[in-house]
Amino acid sequence: MLLASLLIASFVIFAAVYLAPGNPISALSGGRALPASSIRILEQRYHLNEPFLAQYWYWLGNALHGNLGISITLRENVSALISQRIWTTAGLVLYASVLILVFGIGMGIVAGLRPGFLDTSTLVVTAISAAIPAFVAAIVLILLFSVKLGWFPALGNGTSFLSNVQHFTLPAVALAFSALAIVARVTRASIRAESEREHVQTAVSRGIPGRQLIRRHILRNAAIPITTITGITIASLIAVAAVVETAFSLNGLGAYLVQAAESKDLAVVQGISLVLVTAFVVVNLLVDVLYALLDPRVSLGSRAQ
Amino acid sequence: MSTGMAVTAAVGTRRARPLSGLRATGVAGMVSAAVIALATIAALFGPLLAPYNPDLPNLSLAWVGPVGGHLLGYDFQGRDVFSRLLAGAQSSMIGPLAVVVLSMAAGALLAVVAAWRRGAADAVISSGLDILFAFPGILLAVLATAIFGAGLTAAAIALSIAYMPYVARVLRGVALRERSQPYVAALEVQGLSATTICVRHIIPNMLPLIVAQATIMFGWAMVDLAAISFLGLGVQPPEPNWGVMISENQTGILQGYPLPALSAGVCIVAVVIAFNVLGERLFEQAQAARQ
Amino acid sequence: MSDPLLSVDGLTVRLEVRGERRAVLRDVALTVRAGEALGLVGESGSGKSMTARAIDRLLPRGAEVDGTIRFGGRDVHALSGADLRRYRNQAAMIFQDPRAHVNPVRRIGDYMTEALRTNLGVSPAAASRRASDMLAQVGIEGGSRRLRQYPHEMSGGMLQRVMIAAALLTEPRLLLADEPTTALDVTTQAEVMAILDELRHEYGLAMLFITHDLELAAAICDRTVVMYAGQIVEVRESGRLHDDPLHPYTAALAAARPDITRTAGRLRAIPGRPLSAFEAPPGECAFAPRCPHARDACRAGTPAITELDGGLSRCVRARELRGKLGERANA
């Protein structure tokens, strides 16, 4: 099912050239005037004189081989441009994911297992942070930690691995902010729900000690909904990364996508969209696999929402 | 918190009355409703209520702090921030409204059709929706603006398409449950057409849930559209808009003038929280009424 | 006469429901001797499940408990930690809905041997062997294959038998069976009851059998306790419960059950609905509003327990009504 999604998505991305007002040539050139020789090259490269589906086939074939066309503005291979920037985005998303896993799930577990002050305060804090979008979090973080406290740099990628981490910390926090809150809430709710299930009572009546009870009967069961939601949330980070990269002037795929969209560099937009959608689908696929592994009642591909 | 009102709002074949349940949403719900009301007033009458001209730049006053009648100071082009916030409410709220209306209309339609027909039609619609899930909203919006040009329209339509599968899935579940209620069978036996039953009975009974879902969705749409405007692909400057104000005044933060960008951020967050809280309360109410 | 295995005295339990403190059990007292089967009968809200949970200390958080529960001479409420866990293995509980009560993501073998491995230090291999053997005893063949299965691969009846087998693995002295057959269909019910009865005799177990079915309790239990509105209203030898009940409620319960051998014009239902402990009018007999034999004396105060002919009754008019309540009287 997900592969079908990917296929259809790639078709939509491809068809973008035709959806644009005007003819494909003007779309590909972004409305710029081109000499006749360039037009002929474009026609040839994109097989513009052949039937629609054949063009799609060529495009897809090229894409799978790593050939995503040429950027109109920079006159370089799109794939080369992408591979220069992909690690920035990947690193950012990875960093944010780690934060979500450690702090989001961690807070959720603590709040779920201990009702009381810690729990209520977690609820309130997460209710507010879940509503703070990444770009608002970005400016607040820049204000607090960059300008006022000077702990972290505000812009740019950084040069070495260590300075990368330094430069990526604020962006990663901004990216993870609201997702973390959502994951914490869901984790807490799942743990609460599991603690009250009858099979936990059975385990208590069989004299299973507390620690083991929590680990093998509450956490293990709650892992199912927690993993699903966390996975979906992390997948959504892929799209929001564009916003954070722009806010922090990071040289990533998302920021480049936005620039390309503004300058109507369609080949680049198509290429990056394809990469991002593929990544999104892959993450969703992983979540499906994990879900099937964790819950013996379901078979692969039947993830209930 | 009285569930009595909520029950009256959703029982039987009577039309639901969402507002009568508002009082039952508690303090948090009422406060949220008040915030939303304020934002709506600003959206409708913003430019009229603004104390100063929100559009006229005056570079000699750029970044000046709160002084005189200017509660929040001046932005990067010397315009009064408070007036600009008021004027920006309109474009900040109308986009999400359009997204919610479009996605819920399309989603509800598909959901009811899928739930009514069941069988093959349902399978096709559900599979189609599943496929659409592959596109995250922001990505689709960026793609749309690359094709059709930057602006609120392209972004709003793209987001509606991206949200629609989620709405349809949630509402399909509800519609299926309504469909299998005994009163529907009774109406069918009486000879009412499918369309009549759906429009006059099933949909009104789903209304509390639809309203709750729409409220929550408004918050998400607002965040996504503000993000797109922040990126420069949505509302275009110099038109006032909260998302755009954050990006245009971002340099101010680095230079020590955080107020313009921050106040726009606060507006967005406050309204989104209000919609989230109200939406969640309405949701709980709608669920309780179903028991 | 040796000391009873389990003795409950003056058990009163209050729970917090929606901010209010409500009594669910009032002054419950019962004893179970080693090897004896005691039936605990009542309708919903009578407190029978709550009694079993109180005995196994499975009450919800915030429950107030008064009175004493002694098992093998020791005060159950004084136990903690390892002692408490050992007690729970000695007084094993079987629950009503097996599908809800067995962890769906763990294998059957895991479920059955967990207590053995954790509390009794049995090696996994030995525990699995014992589990296999016990499965055979409850009528499930193919032990080692079954141990690797998941709960959703088994039927309700089979799962209930697994639960029984698991409970017996820790070699308990008392079995607390909370409506073990209510969630099953009739044929499976009979099978499970037969297994329960057989194993009880084989292992010499005491049993507290909870049900809403008076006849069922009378069939396999030596004595039966009847509960209403959180209180004990009658304790009687099972054989005599039908013919010579000591409390109008028992008589009404027995009469309300349709009997296959007789044709009757109308089902004799008890008017009104069963009350929970906190709904019962204070300061009078809880059953008085629905009782056909109620008199003013019944509303004068909460009736005390009267001992009568080897049984107990909470009816003020027990002696008067003796002989007039049973089947013989109403035939």
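Colleague: Let's start with strand 3 of chain C: how many of its residues are buried?

Modeller: In strand 3 (residues 37-41) of chain C, 5 of its 5 residues are buried. Buried here means 20 or more other C-beta atoms within 10 Å of a residue's own, exposed means 12 or fewer, and partly exposed is in between, with C-beta atoms placed from the backbone. Before going on: this is a predicted model, where local features need pLDDT of at least 70, side-chain atom pairs count only at pLDDT 80 or more, and totals for chains, interfaces and linings use all residues. Residues are numbered from 1 along each chain as its sequence is written, and chains are lettered from A and ligands numbered from 1 in the order in which they are written.

Colleague: Okay. Which residues of strand 3 of chain C point which way?

Modeller: C:Leu38 and C:Leu40 point one way, and C:Ala37, C:Gly39 and C:Val41 the other way. In a regular strand the side chains alternate between the two faces of the sheet.

Colleague: And how do you decide what counts as a strand or a pair?

Modeller: Strands (E, at least two residues) and helices (H or I, at least four) are DSSP runs, numbered from the N terminus. Two strands pair if DSSP finds at least two bridges between them.

Colleague: How many bridges join strand 3 of chain C to strand 8 of chain C?

Modeller: There are 5 bridges to strand 8 (residues 206-211) of chain C, and the two run parallel. C:Leu38 stands opposite C:Leu208 there. Strand 3 of chain C also has 4 bridges to strand 9 (residues 223-228) of chain C, again running parallel, with C:Val41 opposite C:Val226.

Colleague: What about the open sheet in chain C, what's its strand order?

Modeller: That open sheet has 4 strands in the order 2-1-4-5, with antiparallel pairing. Strand 2 (20-32) and strand 5 (74-75) of chain C are at the edges with a single partner strand each, so one side of each has no neighbour in the sheet. Strand 1 (residues 6-17) of chain C is joined to strand 2 of chain C by 9 bridges, and C:Leu15 has C:Arg22 as its bridge partner.

Colleague: Is C:Ala229 buried or exposed?

Modeller: C:Ala229 is buried, with 26 C-beta neighbours inside 10 Å.

Colleague: Switching to chain A: how many helices and strands?

Modeller: Chain A has 12 helices and 0 strands. Of its 305 residues, 47% are buried. Helix 4 (residues 52-64) of chain A has 13 residues and reaches 19 Å from its first C-alpha to its last, close to the 18 Å expected at 1.5 Å a residue; the expected span is 1.5 Å times one less than the number of residues. Just after helix 4 of chain A, A:Gly66 takes a positive phi of about 90°.

Colleague: Which chains share the most contacts?

Modeller: Chains A and B do, of the 2 pairs of chains in contact. A contact means C-beta atoms, placed from the backbone, within 7 Å. This one takes 37 residues from chain B and 43 residues from chain A. By class, the chain B side has 29 nonpolar, 6 polar and 2 charged residues. Nonpolar covers Ala, Val, Leu, Ile, Met, Phe, Trp, Tyr, Cys and Pro; Asp, Glu, Lys and Arg count as charged; the others, Gly among them, are polar.

Colleague: And how far apart are chain B and chain C?

Modeller: They do not touch, and their nearest C-alpha atoms are 13 Å apart.

Colleague: What's the mean pLDDT of chain B?

Modeller: The mean is 82, and 91% of its residues reach 70 or more; pLDDT is the predictor's confidence in each residue, from 0 to 100. Over residues 1-17 of chain B the pLDDT is below 50. Where pLDDT is low, the predicted coordinates should not be read in detail.

Colleague: Last one: which residues does the cis peptide bond in chain B join?

Modeller: B:Pro237 and B:Pro238, with omega about 10°. B:Pro238 is in the loop between helix 8 and helix 9 of chain B.
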